[in-house]
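Here is a short report on one protein model. Look it over first, then read on.

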Amino acid sequence: MNKKFDRIAAIIFLIIGLTFMIESRGIATTAYGSVVGPNVFPFILGCILTLLSCRLFYETFFYKQENTDTTQFNYQRFLIVLVSAIMYALLLEKIGFIISSFLFLLICFQALERGKWLKSITISLGYSIIIYFVFVNVMKGTLPGWPIWF
């Protein structure tokens with residue numbers, strides 16, 4: 001691990017997390033037909049990002065030595081994940097949360113680790129259904145459901 005890079009990344013993520021928390025307070029607190037308002041999710045994500053960045057910054061003080069080996073970056077995987085994230089955002093309303101999340105996760109898992117289709121399909125489908133159920137039924141929030149043509 002590179003101590004300097006991790007410290008800079010921790011500071012940047014801390015700023016982003018705090019910005020999420022501050023800006024989420026400007027979002028309406030309730031949505032029509034929903035107990036959970038649209039401000040809750042960004043605020044929680046900002047809290048998590050802030051806490052994780054503080055932990056990363058704290059852990060940099062205990063690094064033994066600075067690692068100077070060169071790392072090969074895999075741009076093809078990065079581009080696959082980036083394009084699939086953009087497509088996920090564009091298709092979320094059109095094809096629904098469950099289908100778009102399933103496809104996004106499946107593509108990302110296969111980009112990062114080829115093969116193991118059964119594991120990728122199981123995790124992707126399970127995550128999509130469980131998150132949808134928890135957010136819509138337990139937290140009484142709203143997410144795009146199934147598409148009309150389905």
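## The pair α4 and α5

Start with a crossing. α4 passes α5 in a right-handed crossing. Handedness is defined this way: a crossing is left-handed if the near helix is turned anticlockwise from the far one by less than a right angle, and right-handed if clockwise. Helix α4 covers residues 97–112 and helix α5 covers residues 117–138. The two pack at an angle of about 145°, and their axes are 8 Å apart. Axes here are lines fitted to C-alpha atoms, for helices over the stretch in contact, and angles run from 0 to 180 degrees between N-to-C directions.

On the α4 side they are F97, I98, S101, F102, L105, L106, F109 and Q110. Their partners in α5 include W117, S120, I121, S124, S128 and Y132. Contact means heavy atoms within 4.5 Å.

## What kind of model this is

This is a predicted model, in which local features need pLDDT of at least 70 and side-chain atom pairs count only at pLDDT 80 or more, while totals for chains, interfaces and linings use all residues. Residues are numbered from 1 along each chain as its sequence is written, and side-chain values use heavy atoms, with hydrogens and water left out.

## The overall plan

The protein chain has five helices and zero strands. From the N terminus on, the order is α-α-α-α-α. Helices (H or I, at least four residues) and strands (E, at least two) are DSSP runs, numbered from the N terminus.

The protein chain has 150 residues, and 26% of them are buried. Buried means under 20% relative accessible area, exposed means over 50%, and partly exposed lies in between (1.4 Å probe, protein chains only). Now take contacts between residues at least 6 apart in sequence: 58% of these join residues at least 24 apart.

α5 has 22 residues, which should span 32 Å at 1.5 Å a residue. Its end C-alpha atoms are 30 Å apart, which agrees. The expected span is 1.5 Å times one less than the number of residues.

Which residues of α5 are buried? They are S120, S124, S128, Y132, F135 and V136. They cover an arc of only 90° around the axis, so they sit on the same side of α5. The arc is that of the directions from the helix axis to the C-beta atoms. What covers these buried residues includes α4. On the other side of α5, L118, I130 and V138 are exposed.

Helix α2 covers residues 40–59. It has 20 residues and reaches 29 Å from its first C-alpha to its last, close to the 28 Å expected. Its buried residues are P42, G46, T50 and S53. They cover an arc of only 75° around the axis, which puts them on the same side of α2. They pack against α1 (3–24). On the other side of α2, F41, L51, L52, R55 and Y58 are exposed.

## Salt bridges

How many salt bridges does a search of the whole structure find? It finds two. A salt bridge is a side-chain nitrogen of Lys or Arg within 4 Å of a carboxyl oxygen of Asp or Glu.

One joins E59 and R55, with the closest N and O atoms 2.6 Å apart. These residues are four apart in α2, so about one helical turn separates them. E59 is partly exposed at 31% relative accessible area, and R55 is exposed at 54%. The other joins K116 and E113 at 2.8 Å, N to O. E113 is partly exposed, at 39%.

## Loop and buried sites

K116 lies in the loop between α4 and α5. Its phi is near 50°, a positive value in a residue other than glycine. Just after α5, K140 takes a positive phi of about 60°. Most residues other than glycine have a negative phi.

S84 lies in helix α3 (residues 75–95). S84 is buried, with a relative accessible area of 8%. Leaving out residues up to four places away in sequence, S84 touches F104, I107 and C108. D6 lies in helix α1 and is buried at 12%.
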